[in-house]
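Me: I'm new to this one and would like to get my bearings. Can we go through it together, one question at a time?

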Amino acid sequence: MADILIEDGKISSIGESITVTDAEVIDVSGKVVAPGLIDVHAHLRDPGFPEREDFRSGTRSAAVGGFTTLLAMPNTNPVCDHPVVVEYVLAKSKREGIVNVLPYSSITVGQQGEKLVPMKAVVEAGAVAFSDDGQPIMNGGVMREALTQAKEIDKVLAVHCEDRGITAGGVINEGYVSRRVGVKGIPYTSEAVMVGRDILLAEETASKVHICHVGCARSVELIREGKKRGVQVTAEVNPHYLNTTDENLETCQSRFKIKPPFGTRADLEALKEGLSDGTIDIIATDHAPYTNAEKQGDFATEAPFGLIGLETALGVVLTELVATNYMSVSDVLKTLTCNPARIFGLDKGTLSIGKDADIVVIDLDHEWFVDAEKFQSKSRNCPQHGRRLRGKAFLTMVKGQVIMREGTIVV
Ligand SMILES: [Zn+2]
């Protein structure tokens with residue numbers, strides 16, 4: 001039990017029974033108070049795809065989920081590969097958004113996997129890290145050069161590991177389910193060979209690499225092994241991989257269509273183990289909105305890969321990891337606060353005096369049913385729809401201002 005005093009948007013004091021006059025008191029006894037959650041993997045779709053999401057809807061969705069800082073992926077139209085686009089994202093998200101939005105720059109121009117972006121210039125404009133997410137960098141030479149250049153400016157490359165030659169038009173995890181439903185499978189090696197390649201390249205160049213959305217057991221082993229050798233590799237898992245497997249695809253619903261594909265129960269268990277032993281550092285959402293019209297296309301050939309998760313991420317991880325006593329609430333919250341802040345060099349993710357009062361209050365016992373129709377997000381492609389979760393953000397605050405209370409946006 002403690003009090004937190006907030007003045008001018010910053011934390012000014014933390015202690016037992018702080019007494020001040022003229023202060024608004026928010027009583028959250030019985031609940032968990034934590035640094036506002038940081039999502040290092042959000043697709044906010046602006047510029048280019050306002051029918052899927054925009055800064056207003058995406059950041060309101062974040063606020064409901066307890067997130068106060070989002071790293072916006074650059075696979076927009078135009079791609080965020082130039083200082084002008086970085087500045088656009090910063091300015092527009094500030095105007096329309098209600099949480100902090102920090103832009104990624106792409107690694108290669110137009111995410112074409114060939115020519116590197118002007119790394120120093122985009123960082124000076126405000127990009128906090130680099131990613132070609134959505135696209136793999138198939139050319140190892142380009143990846144090696146990108147790692148070398150990113151090292152000079154001490155920035156992280158967040159990589160989408162997929163060998164498109166191995167994916168080869170696959171739709172879901174290759175295995176019993178893909179054969180049973182008659183859909184072309186994606187072998188786990190599509191991901192794992194690229195995870196292996198990028199760990200080796202990071203080792204050789206002594207650079208930092210962050211593996212996005214780890215999906216299979218073999219990748220977890222490779223990352224664990226790389227860390228043991230001292231490679232500067234970090235990794236994230238997305239909440240949906242902790243409660244969904246390829247068995248959910250028996251009915252071929254496109255809200256479960258994603259890359260990397262949902263794996264087997266063994267993959268799911270390996271991801272949980274990776275989180276609990278620190279092999280996987282971060283939980284991030286990979287919130288990827290698509291319209292119903294897009295997702296209603298033919299399952300195998302038309303429906304895009306991707307799903308949303310900002311409003312359910314916390315509930316899913318608390319349900320799977322904390323309510324089951326698999327991990328402590330503080331260990332889970334580290335993967336959503338101080339770990340992403342440390343890895344990406346952000347001055348966030350802690351409750352300390354002098355820091356921005358970005359705070360989430362969590363009700364661990366709140367049981368709720370996910371109803372995607374009620375989301376703040378513009379999109380509905382959520383694999384958690386209809387599920388019962390335990391644990392939810394109760395209140396979200398950015399720079400001392402309450403923006404969400406009991407599920408309702410209050411700004
Ligand atoms: Zn990706």
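Me: Which residue in the turn of the hairpin formed by E15 and E16 has a positive phi?
Reply: Quick background: this is a predicted model, where local features need pLDDT of at least 70, side-chain atom pairs count only at pLDDT 80 or more, and totals for chains, interfaces and linings use all residues. Residues are numbered from 1 along each chain as its sequence is written, and side-chain values use heavy atoms, with hydrogens and water left out. Strands are DSSP runs of E with at least two residues, helices are runs of H or I with at least four, and both are numbered from the N terminus. E15 and E16 have two residues between them, and the one in the turn with a positive phi, about 45°, is Lys 399.

Me: How many bridges pair E15 with E16?
Reply: Two strands count as paired if DSSP finds at least two bridges between them. E15 (residues 388-398) and E16 (residues 401-405) run antiparallel, with Leu 395 opposite Arg 405. The number of bridges is four.

Me: And what is the bridge partner of Arg 405 in E17?
Reply: E16 also joins E17 (residues 408-409), antiparallel, through two bridges. Those two strands make a hairpin as well, with Glu 406 in its turn at a positive phi of about 45°. In E17, Arg 405 is bridged to Thr 408.

Me: Which strands stand at the edges of the open sheet of eight strands?
Reply: The order is E4-E5-E6-E7-E8-E11-E12-E13, with parallel pairing. Each edge strand has a single partner, so one side of each is left without a neighbour in the sheet. The two are E4 (37-42) and E13 (282-283).

Me: Is His 213 buried or exposed?
Reply: Buried means under 20% relative accessible area, exposed over 50%, and partly exposed in between (1.4 Å probe, protein chains only). His 160 has 9%, while His 213 has 2%. So His 213 is buried.
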